[in-house]
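Reader: I'd like to learn how to read a fold, feature by feature. Could you walk me through one?

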Amino acid sequence: MTETGLIALAKKASESAYVPYSGYTVGAALLTKSGKVYTGVNIENASYTPTCCAERTAFFKAVSEGEKEFEAIAVVGGKKGDFKDYFPPCGVCRQVMREFCGDDFKIILGKDSGEFMVYNLIELLPESFGPEFIKNV
């Protein structure tokens, strides 16, 4: 699947975001190594802490269905579905990505204009803490 194809799926997914407090809709489309795509949206909560980002929603859906190997994720976000700027994953989402993905995992950030940027996970989460640090505990 192409970067633009994943971005289109992320935009479509964002339409289901539950954002009564911030108004920021976020959509994600996660590509597995087997070629399947899982989408996610941000889901807000009045007490904020239980809020779940789109990226984590996509990962948790995929993992709950047995997927644990991933190629790329596309992310779009903005106020009321206006994706004029790039919307990078938060630190918690980056750490979830690190749990399942290697340094070369692709993170694609898209805009309504059709522009996009591609990062590898290591670029957005350098010197990270991963499962290999606690495997022998």
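Author: Gladly. Bear in mind that this is a predicted model. Let's begin with helix H1, residues 3-14: at 1.5 Å a residue, its 12 residues should span 16 Å, and the end C-alpha atoms lie 17 Å apart, which agrees.

Reader: Which residues of H1 are buried?

Author: The general idea comes first: an α-helix has 3.6 residues a turn, so residues three or four places apart point the same way. In H1 the buried residues are Leu6, Ile7, Ala10, Ala13 and Ser14. Viewed down the axis of H1, these fall within an arc of 120 degrees, so they line one face of the helix.

Reader: What do the buried residues of H1 pack against?

Author: They pack against five strands by name: E1 (24-32), E2 (37-41), E3 (70-79), E4 (106-110) and E5 (116-120).

Reader: And how should I read the nonpolar core?

Author: In soluble globular proteins, nonpolar side chains tend to be buried together. Here the largest nonpolar core has 20 residues, and Leu30, Phe59, Ile73, Phe105 and Ile107 touch the most other members. Two or more residues each come from E1, helix H2 (54-64), E3, helix H3 (91-100), E4 and helix H4 (121-124). H2 gives the largest share, four residues.

Reader: Which residues does Phe59 touch?

Author: Leaving out residues up to four places away in sequence, Phe59 touches Leu30, Phe70, Ile73, Val96, Met97, Phe100, Cys101 and Phe105. Another core, of 10 residues, lies apart from the largest one and includes Ala10, Leu31, Ala72 and Val76.

Definitions and conventions. Residues are numbered from 1 along each chain as its sequence is written. This is a predicted model: local features need pLDDT of at least 70, side-chain atom pairs count only at pLDDT 80 or more; totals for chains, interfaces and linings use all residues. Side-chain values use heavy atoms; hydrogens and water are left out. The expected span of a helix is 1.5 Å times one less than its number of residues. Buried means under 20% relative accessible area, exposed over 50%, partly exposed in between (1.4 Å probe, protein chains only). The arc is that of the directions from the helix axis to the C-beta atoms. Contact means heavy atoms within 4.5 Å. A nonpolar core is a set of buried Ala, Val, Leu, Ile, Met, Phe, Trp, Tyr and Cys residues joined through side-chain atoms within 4.5 Å.
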